[in-house]
Amino acid sequence: MTSYKELGLVNTRDMFAKAVKGGYAIPAYNFNNMEQMQAIVQACVATKSPVILQVSRGARDYANINLLRNMARGVVEYAHELGCDIPIVLHLDHGDSFQTCKDCIDNGFSSVMIDGSSLPYEENIAVTRKVVEYAHQFDVTVEGELGVLAGIEDEVSSATSHYTKPEEVEDFVSKTGVDSLAISVGTSHGAYKFTPEQCTRNAEGILVPPELRFDILSEIEKRLPGFPIVLHGSSSVPQEYVKMINEFGGKLTDSVGIPEEQLRKAAKSAVCKINIDSDGRLAMTGTIRRIFAEKPGEFDPRKYLGPARDALKEMYMHKNIDVLGSAGHALD
């Protein structure tokens, strides 16, 4: 067994307490390869932001658990080399079973999510409590979930959303012992978060989604004062990258995300972790498509993955500074 402390990582406990008190959210960026990892660390060091490196089940299979463990060790050393020892969490996103969570804990993850949200309520409590009991032996923090997000991302999919019931949150947290709670208030997985029928169009013809259910969030805050809340499916789907992808051969029609001003509002509440995955995919894919179109003879991966990494870094810096408010809080 490898403890995350041997790798120089931290868990989310102090990180979340500071975020709730300070009115900002920690960026939780998903990554699948070295370039994405480099961009995340570069951006967070440049903005002096704490960060959660998220690995989905699919990414874990893609990258290999042993490589991930050593990449995490390298990430900590890389941040130090870049000039700032920012707090870094390695987190399992949407763990589907006790065994998946245990494997990650045993291999150096400092935080895990057990997603029992699709199970009957009592079964969700039971599997979440089992993960918590194992994780807390090793000072690993656990995220649970109540409510179901619509959309598709990796192995996580649902045709419809089910808002979190505020009347269940106190009972769930008390019975499971989770350290943070993911809720459903209108965010959604993937780049197609809403159908055109659910949106209105502004003067430029851009789809505008319905507002998040801040009333549900407010009621949850009242019932769980100061408790760390998590938002999944919080990519804003930047239209400049959607346009770039479509201009250079892609087909992303009616893709729409969560407006950044709504995410900033959420970050000022008890929401202290905001998950962003699709935005990174869009920035990377758009940049690579542009380079392939403009330089059809290019075949050196460094010549298209390097610029894609740079685009990711710029976007993540913007998120930290202007959306999540996490910039400058790495050394709090």
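**Stop one: Leu 146**

Select Leu 146 and you've landed on a buried residue, with a relative accessible area of 4%. (Buried means under 20% relative accessible area, exposed means over 50%, and partly exposed is in between, using a 1.4 Å probe and protein chains only.) Before you go on, know that this is a predicted model, where local features need pLDDT of at least 70 and side-chain atom pairs count only at pLDDT 80 or more, while totals for chains, interfaces and linings use all residues. Residues are numbered from 1 along each chain as its sequence is written, and side-chain values use heavy atoms, with hydrogens and water left out.

Leu 146 belongs to strand β5 (residues 141-146). Helices (H or I, at least four residues) and strands (E, at least two) are DSSP runs, numbered from the N terminus. Now show what Leu 146 touches: leaving aside residues up to four places away in sequence, the list includes Tyr 121, Asn 124, Val 169, Phe 172 and Ala 182. Touching, or contact, means heavy atoms within 4.5 Å. Try the distance tool on Ala 182: its C-alpha atom is separated from that of Leu 146 by 6.4 Å, though the two are 36 residues apart along the chain.

**Stop two: helix α5**

Next, select residues 98-106, which make up helix α5. Which residues are buried in α5? They are Phe 98, Thr 100, Cys 101, Cys 104, Ile 105 and Asp 106. An α-helix has 3.6 residues a turn, so residues three or four places apart point the same way. Among the elements covering the buried residues of α5 are α3 (57-63), β3 (88-95), β4 (111-114) and α6 (121-135). After α5, click on Gly 108, whose phi is positive, near 95 degrees.

Rings of Phe, Tyr and Trp (its six-membered ring) pair if their centres lie within 6.5 Å; planes under 30 degrees apart count as stacked, over 60 as edge-to-face and the rest as tilted.

**Stop three: α11 meets α12**

Colour α11 (residues 278-294) and α12, then look at how they pass. Two packed helices are described by the angle between their axes and the distance between the axes. Here the axes come within 8 Å and cross at roughly 145 degrees. (Axes are lines fitted to C-alpha atoms, for helices over the stretch in contact, and angles run from 0 to 180 degrees between N-to-C directions.)

Find Phe 292 and Tyr 304, an edge-to-face aromatic pair with 4.8 Å centre to centre and 70 degrees between the planes. Phe 292 sits in α11 and Tyr 304 in α12, twelve residues apart. Is each one buried or partly exposed? Phe 292 is partly exposed at 39%, whereas Tyr 304 counts as buried at 16% relative accessibility.

**Last stop: α2 against α12**

(Angles under 35 degrees count as roughly parallel, over 145 as roughly antiparallel, 65 to 115 as roughly perpendicular and the rest as oblique.) Select a few of the residues making the contact, including Ala 39, Ile 40 and Ala 43 of α2 and Leu 305, Leu 312 and Tyr 316 of α12.
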